[in-house]
Amino acid sequence: MSGGHSHNDSQIDSGSRHNDSHKHKDKYKDKEHKHKDHKKDKEREKSKYSNSEHRDSSDKKHRDKDKERLKLKDGSSDKQKDKHKEKKKEERSFDGKPKKEKENGFESPFIKSEPENDDFYHSPKHEKSLKRERDDDDAEFKPKKIKTEESEKKAKKRKQEDEDIKPKKKTKDKKGEAATDGKKKGKKEPEEKWKWWEEERYTDGVKWKFLEHKGPVFAPPYEPIPSNVKFYYDGKHMKLSPGAEEVATFFAKMLDHEYTTKDIFRKNFFKDWRKEMTSEEKSKISDLNKCDFSEMSEYFKAQSEARKAMTKEEKQKIKEENERMLQEYGFCVMDNHKERIANFRIEPPGLFRGRGDHPKMGMLKRRIRPEDIIINCSKDSKHPKPPPGTKWKEVRHDNKVTWLVSWTENIQGSIKYIMLNPSSRIKGEKDWQKYETARRLKKCVDRIRAQYREDWKSKEMRIRQRAVALYFIDKLALRAGNEKEEGETADTVGCCSLRVEHLTLHQEMDGQEYVVEFDFLGKDSIRYYNKVPVEKRVFKNLQLFMEDKEPEDDLFDRLNTSILNKHLQELMDGLTAKVFRTYNASITLQQQLNELTTSEDNVPAKILSYNRANRAVAILCNHQRAPPKTFEKSMLNLQTKIDAKKEQLADAKRELKSAKADAKVRRDEKSKKAVESKKKAVQRIEEQLMKLEVQATDREENKQIALGTSKLNYLDPRISVAWCKKFGVPIEKIYNKTQREKFAWAIDMAEKDYEF
DNA sequence: CGAGTGACTTAGAAATGTTAGC
DNA sequence: GCTAACATTTCTAAGTCACTCG
């Protein structure tokens, strides 16, 4: 990031943030009805405010949309094409490989056009076809094949691998590696690991040429509860039909959860439950409050206790069974490589748990059957078999998508997928590409910032709004903020969907001018609360945007994510709102690491620095967590340990002193040695104490902040890898096993001088 | 355009596994 | 060995964004 645009410190000062979403939600509760007609509001606003002039123009209320539309047309767009081309060549990855940012846009299915590839998997002779092109310039739909000695070798290597398709050293790893973690072991990758990042990529929207898998694992069938576990209605025992009973158990299992006390949850549950009842049950059971699930609840608690109390052997058996399932269903073959599947189990039926004030919480999530399932695989693969006596909904062979299995979920009607693990080629490439796009933004961010600052002065309202929104997205790392269907989901917003009620303007606050106070619920109903000093021009614009609006009106009434992203696309190929989050997160990490790391520090201190840098990012991105339930207690425990250690240190020092005195008097070898060993002891204890104190600081600072999300999704792993190499910190201290698998590409390729 | 949808990434909570300290 | 604390994994909801269709 260059001058003039640094993230304000208050961002990094957690003091101004709260994770107090409860209160907050209440605050908005009564307003819910108000913005029901959101879309209409927007329309109304538009015609009301469609002026592109300043607020003092007297006739602003009557400027109309059509005028604006005209402007829109003659105004900006379509240099797009040239820019597009211009930029395409611009970026090559640091390893010298040509790079592509866009994968889609080519229609014809690849497989058909290259019949020689059809038997690709079965006859690994066709090594050529393995190569994938990384450069998409002018990509005719047939990718070029660059043949080099290097890739020839690789192809051979691949061939070997195929012969013995084994998951990459799975089980042994678990114990072996986990146990030695943090000790020696180090970055040594097992020999057979496939380095997909050294190969060419598909460039024409084709995601794979061969895909074979075993299909999903279905949820286990419902097991009726024993007949001595009773359900009571209005105090009287009632034997439920299996269907009704199953749904009842879903509720019983959640009885201890706050959800079941919420009105909407209960209402939705009861409505859906009744649908599963026999007509007889339906006529009897008319009030949820008269239902007594407590025996069921107790039964399940007992069950889980029993599970905990199982013997080692029993547990081992279960573990083995899980492992067997994993081996059978947890992997697929994609283009000659065995790859791990992320979620091969179908989501079991249950009660929908939305986040925040979700209008659909408590609804029944129905059981998924084979008839609901679409299978995606290669034509020439061994198709997965549906369970006996059932059929798949469909089997298709679409190699333009990455999923293996899909079904439509009944709560929102959206599609769910089974896809590959983050360590897979297909996910890894995409991830890598994401960071490359962010790095390209780094190169032109100054230009873009200059532009939006200029646009704050535009005479067109829509441009000003766009520019202010972009400023927020850049400075505060806000999400884009798509509009959502009213009443279908919790009321949450992002940048473009902010409403007037989410901002408070303060001409002056705490000695700072032009402060904007944000208070809204974002993704997952996590509260975003922040007070930000902004530039005068932004402030004035906000006043203008808010003028004559109701609290529930849209702040940016002439803007949405589609308009914004179209604009961004013109500024840089592949640029969208979320790229700013990635860019700002990664650049912040890099800066913070530079600032905070001291080469003389020991490893724990360096790790603290790393965590602090990571934390700065998490704060920027507003990644919060509920403070762990045991937080206070564990903090107290730690303090006790520290005190004890201090005590111990004092003792050791006393002993050292007396040993010294002793040595002075006796002047013999033995007492000298004693002094030495006491000295060592003191040192050791001091080190231990420091370690504990560092730990305490780290934990305290982390109370409500979740580091995982940014580490996994926003921080270019090569920054962390380079940092580890540069400062001699073992990579295992930063990334656990799963993370190392996901970031294998970065660990392999980043050197200590890597710069984001 | 604008609504709807499909595919994919990002997200925090809950479940489960591991470890350290008694 | 037991258990509480902590770390990791799993789960699936909730976003983003491109595309299609009328």
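This is a predicted model: local features need pLDDT of at least 70, side-chain atom pairs count only at pLDDT 80 or more; totals for chains, interfaces and linings use all residues.
Local features here require pLDDT of at least 70 and side-chain atom pairs pLDDT 80 or more, while totals for chains, interfaces and linings use all residues. Residues are numbered from 1 along each chain as its sequence is written, chains are lettered from A and ligands numbered from 1 in the order in which they are written, and side-chain values use heavy atoms, with hydrogens and water left out.

Visitor: Which element supplies the largest share of the surface near DNA strand B?
Guide: Helices (H or I, at least four residues) and strands (E, at least two) are DSSP runs, numbered from the N terminus. At least two residues each come from strand 12 (415-418), helix 14 (425-455), helix 18 (577-596) and helix 22 (708-713). The largest share, 3 residues, belongs to helix 14.

Visitor: How far from a phosphate oxygen of DNA strand B is the side chain of Arg479?
Guide: A polar contact is a pair of N or O atoms within 3.5 Å; within protein, one must be able to donate a hydrogen and the other to accept it, and residues adjacent in sequence count only if both atoms are side-chain atoms. A polar side-chain atom of His257 lies 2.9 Å from a phosphate oxygen of DNA strand B, and for an N or O atom in the side chain of His623 the distance to such an oxygen is 3.1 Å. For an N or O atom in the side chain of Arg479, the distance is 2.8 Å.

Visitor: Which element gives the most to the surface near DNA strand C?
Guide: Polar backbone atoms of Gly481 and of Lys578 each lie 2.7 Å from a phosphate oxygen of DNA strand C. The elements that give two or more residues to this surface are helix 18 and helix 20 (631-666). With 3 residues, the element that gives the most is helix 20.

Visitor: Is Tyr714, which the UniProt annotation "active site" covers, buried or exposed?
Guide: The annotation comes from an unreviewed UniProt entry; positions are given in the numbering used here, feature names are shortened, and annotations may be inferred rather than shown by experiment. Tyr714 lies in the loop between helix 22 and helix 23 (717-727), and, not counting residues up to four places away in sequence, Tyr714 touches (heavy atoms within 4.5 Å) Tyr435, Arg581, Thr582, Ala585, Ser586, His623 and Thr709. Buried means under 20% relative accessible area, exposed over 50%, and partly exposed in between (1.4 Å probe, protein chains only). At 16% relative accessibility, Tyr714 is buried.

Visitor: How many disulfides does the structure hold?
Guide: A disulfide is a pair of cysteine sulfur atoms within 2.5 Å. The sulfur of Cys444 is too far for a bond because the closest cysteine sulfur, in Cys495, is 19 Å away, and the sulfur of Cys496 is likewise too far for a bond, at 5.2 Å from that of Cys495. The number of disulfides is 0.

Visitor: Where does Ser525, with its positive phi, lie?
Guide: Phi of Ser525 is near 55°, a positive value in a residue other than glycine. Ser525 is buried, at 6% relative accessibility. Its place is the loop between strand 14 and strand 15 (527-533).
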